[in-house]
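This briefing is intended for reading alongside the sequence and the 3D view. Please keep both at hand.

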Amino acid sequence: MTALRRHRKLTAIWASEPGWKGWTSSVNHSDLGRMFLVTAFFFFLVGGILAMLIRAQLATPHSAFVDAGAFAQFFTMHGTIMMFLFAIPTFEGLAIYLLPKMLGTRDLAFPRLTAYGYWCYAFGGSMLLIALVLGIAPDGGWFMYPPLTGPLHSPGINTDFWLIGITFVEISAICAAVELTVSILKYRAPGMSLDKMPIFAWYALVTALMILTGFPPLILGSVLLEVERAFGWPFFQADLGGDSLLWQHLFWLFGHPEVYIIFLPAAGVISTIIPVMARTTLLGYGWIVASAVALAFLSFGLWVHHMFTTGIPLMGLALFSAASTLVAVPTGVQVFAWIGTLWKGRPELHLPMLHILGFFFTFVIGGLTGVMVAVVPFDWQAHDTAFITAHLHYVLFGGFVFPILAGIYFWLPLFTGRKRFFRLGEVAFGMIFVGFHGTFLAMHWVGLMGQRRRIETYDAETGWGVINLISSISSFVMAIGLAMVLVDVLVHAFVAVRGGRNPWKAGTLEWASMSPPPAYNLASLPHVVSRDPFHADSGLPNRLAKGEGYLGDPKASRRETLTVDIATGRPDFMVIYPGNTRLPIVMAAVTGLFFLSILLKLFWLTPLALAGVAALALVWVWRLGAQVDAGPQDAGRGAILPLAGETTKSPGWWGSVFLLAANGTFFGSLLFGYAFLWTVAPGWPPAEWLTPSLVELDIGIAAALSAALAMRFAIRSNCRSARPMTALVAAFGATVIAILTFAMLLSRVPPPDGHAYAATLCVLCAYALAHALLVSLMLSFVIARVVRGYTSAARAAELHIVSLWTDYLAVITILSLLAAHLPGMFA
C-alpha cells in the first residue's frame, strides 16, 4: 500500500463529519482541542473586557462609571472567568490537542468523554454569561465567602448561578483529568518508557492528578452552600452549629493547588520550548520532574496561608508560613534548570523566546512578593489590599499567560501548516509587557498605601488617584497588545503562506506528522528509543507514512491504537475506538437540564433529568464490547496483542481508578467537614443525636462487604468459563439491602434544618445511598450483558470495573455508618 493510499484510507476512517455537523459529532482530539482553545480564549476576551470596565471605574476618585452592584458583578465574573473558564480549559485544550501527537498515538483514552467534557464546559460557561447579560451575575467575589453569599445576605439568584454553573464546568475538568491521566500512563508509542516521555507530558500528568484531588473539595463546598440556600440546611450558619470558616477551608483546599494547576502546564510549555530555542537538550530532566511532583505535594499543604487573619492558632501560623516559603525551593529548581539550559545552548531570540523572557522577569517578581505574603506579620498588613491582587496577577499572568502566548506562537505552525506573514507579534509583546508591569506595579504601590481590594470608589484625599490612573492607562495598553496578538494569529491562520514541517527543528513526535496533522495523527506508530525521537531518526516521518511502524495496515472502519505498560512502554493491548457520535452533546444537554432544574427550583424536573443521564450512560456503554472472542490481533512489527475488552485492566478499569480517586477525595472532604464542625464550630454538641442501632449498623456493613465478596466470586466463576449469574444476583441483592439500610437511616436522622450535625449526616448518608443506587444500576447492566452474551472467560473487563465500584461502596458504607452511629453511642 502506498503512503497516499494509506493516508486516504485512514482519513476516511478517522475524519469528522464535514461542516458544522462535525462540531457536534466529532470525538477527535484535534477537533476538540481546538474547540476548547477557541472557547477558552473567547472567555478570556470577555474577562478582559470586564477588567477594562473595572479599571475604568477606578481610574479617578468618585467615579460614577458604574454603580456598586454592577462593579461587584464585574469583579466577581472577571475572577471567575479567568480562573475557571480560561486558565484551566486552556491547559485542557492544549493538552488534548498536543498529547496524542507528542506521545505518538492516535487519540486520547476516552474520545467521547473528551467531547462530553467540552460540552459541559461550553454549556456551564454559557449559563454564567447569560447571567451577566441579564444583570443577575454572581456578585460575592470569585471565592464566594459565606455568610455574605448565604440565603440571608444574598437572597437573589446571583450566587446560585455561580454555585451551579461552576459545578457544571468542573465536571468538564474532572473528565479531562481522568482522560489525560489514563492517556499519559497507557496511550504512548511503544518503547516510550516513563523516562522517555516528553517533559510536557510529565507536567500534564501531575496537573491532571492535582485536578482529581484539588477540585472535589470545591465541588463539595458548592453543593453544601447550594443546599443551604435551597433548603435551609445550616452548614455555614454559626447559630445553628455551622461555621463559615468551613467554606474557606474547602475553597482554599482547592484554591491554593489551583495556582499550581495553572502554573505547572505553563512550566511544561517553557520546559518544552527553551531547549528548542537554545538548540540543546533540557538540563536536569529528572530534577525538573521531581520538582514538579514536589510542587504538587506541597501545594496541598499550604491552603491555610490564605486564612492567616481568621484566628488560626500561632503554632499553625508558624507551620504554614514555613511551608509557604518552602515552596520556593522546587520552583527555584525549575527556574535554574531553565537558566542552565539556556547557558549551555545557543539561544535564538524568536518570538516564543521573547514571551519566555517576559515570564522570567514577571514570575520572579511574583514569587518574591509571594514569599513576602507568606510571612505572617506582613500578610496581616497587606491582607485584602490591592497588593494581594497585584501579587496574584504577577503569579497567574506572568506564570501562565506569557508562557501560553509563547506556546501559541511555538505550535502555531503545527496548528495551521503556515509560517508567519506579518510581524505584529513583537510589537504586541512589547505593549503587553510594558502595559502589564505598569498596571500591576502601580497596584502593589497603592496596596501598600492602604487601598482595599474590591472597592468601587475612593476619596481624592487618599492620594491614590494618580497611581490608579497610571494603572488604568497601562491596562488599556496591555489590552491593545493582547488584541494585536489575536489579529496576528488570525492573519497567520488565514492569510500566511504555507510553511515546511518542523520549522523550529524540534525533536518531539508532534512534528513527525504533516502540518496541520491529519485526523489520525500518524500513519503508523513509531517505536521510541530516545527522548527526542525526531532528532534520533530524521527519516522517521517518511518511514511512518510508509507504514513501517505499528498498525501500519488500516482495517476498514476500525479506529485502532495501542496501549503500553506504564513503566517500560512495552505494548500490551490494542484499542478500537468508537466512531463519531452526538451522544456526548445530548448527554451534556441533559446534564445541564439537571443543573437548570436546581437553579430554577424546578425540583420535579431534577429526578427526570437524572434518569435521562442514567439512560444515556447505559446507551453509552452498551455500544461497547462484542459477543464473540476476537482473540489476539496483529499490531505490526511482530506484535500480537489482545483487544482491550479481553483484558482484566482495560482502559475503563484505569478510568474508574482515577475517577474513584476524585470521588474518594470528595468523600474525604465531607468527612473532614463533619469533623471540623464537630471540633471547631460553635453550638456543638447538638440537642439531639441520631439514635444508634447496632442491627442497622451490622446489616449495612455486612451487605456492602457481601456485595464486594460476591463480585469476586463472579470474576472467579467467569475465569473458569462458568456463568457468573448466581454471584452477580447475590451482589445485586446485597446492594439492595445497603440501599434499604441507608433509606431507613435517612428517615431517622433529626430534622436537617435544625442543626449542622443533622444536615451533614443527611449529606453523608445521601452520598452513600446514591453510590449504592449507582452500583445496583451497574450490576443490573452487567447481568444484562451476561444474558446477552457480552462476557466470557476472555471478555471479563466489565466485571473487573464493577468490582472496583463495589469495593468503593463497601468502604464508604462502613465509614458512613460508623460516622452516623458512633457519636450517639458515645454521647
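The points below cover an annotated domain, a helix pair, a loop residue and some backbone features.

The model is predicted: local features need pLDDT of at least 70, side-chain atom pairs count only at pLDDT 80 or more, and totals for chains, interfaces and linings use all residues. Residues are numbered from 1 along each chain as its sequence is written, and side-chain values use heavy atoms, with hydrogens and water left out.

**Annotated domain**
- The unreviewed UniProt entry places the feature "domain: Cytochrome oxidase subunit I profile" at residues 14-529; such annotations may be inferred rather than shown by experiment.
- This span, residues 14-529, is 69% helix and 0% strand, and its end C-alpha atoms lie 27 Å apart. Helices (H or I, at least four residues) and strands (E, at least two) are DSSP runs, numbered from the N terminus.

**Packing of α7 and α9**
- Helix α7 (residues 199-231) packs with helix α9 (residues 285-299) at an angle of about 10 degrees, and their axes are 10 Å apart. The axes are lines fitted to C-alpha atoms over the stretch in contact, and angles run from 0 to 180 degrees between N-to-C directions.
- α7 is therefore roughly parallel to α9, a term for angles under 35 degrees.
- On the α7 side, Ile 199, Trp 202, Tyr 203, Val 206 and Met 210 take part; they meet α9 residues including Tyr 285, Ile 288 and Val 289. Contact means heavy atoms within 4.5 Å.
- The residues of this contact comprise eleven nonpolar, one polar and no charged. Ala, Val, Leu, Ile, Met, Phe, Trp, Tyr, Cys and Pro count as nonpolar, Asp, Glu, Lys and Arg as charged, and the others, Gly among them, as polar.

**Phe 110**
- Phe 110 is in the loop between α4 (68-103) and α5 (111-133).
- Phe 110 counts as buried because its relative accessibility is 17% (buried is under 20% relative accessible area, exposed over 50%, partly exposed in between, with a 1.4 Å probe and protein chains only).
- Beyond its neighbours within four places in sequence, Phe 110 contacts Val 178, Glu 179, Val 182, Pro 651, Gly 652 and Gly 655.

**Backbone features**
- Pro 146 and Pro 147 are joined by a cis peptide bond, with omega about 10 degrees.
- A cis peptide bond also links Ser 515 and Pro 516, with omega about -5 degrees.
- Arg 279, not a glycine, has a positive phi near 55 degrees, and Arg 279 is partly exposed at 30%.
- Ser 721 has a positive phi near 65 degrees and counts as exposed at 61% relative accessibility.

Technical notes. Parallel < 35°, antiparallel > 145°, perpendicular 65-115°, else oblique.
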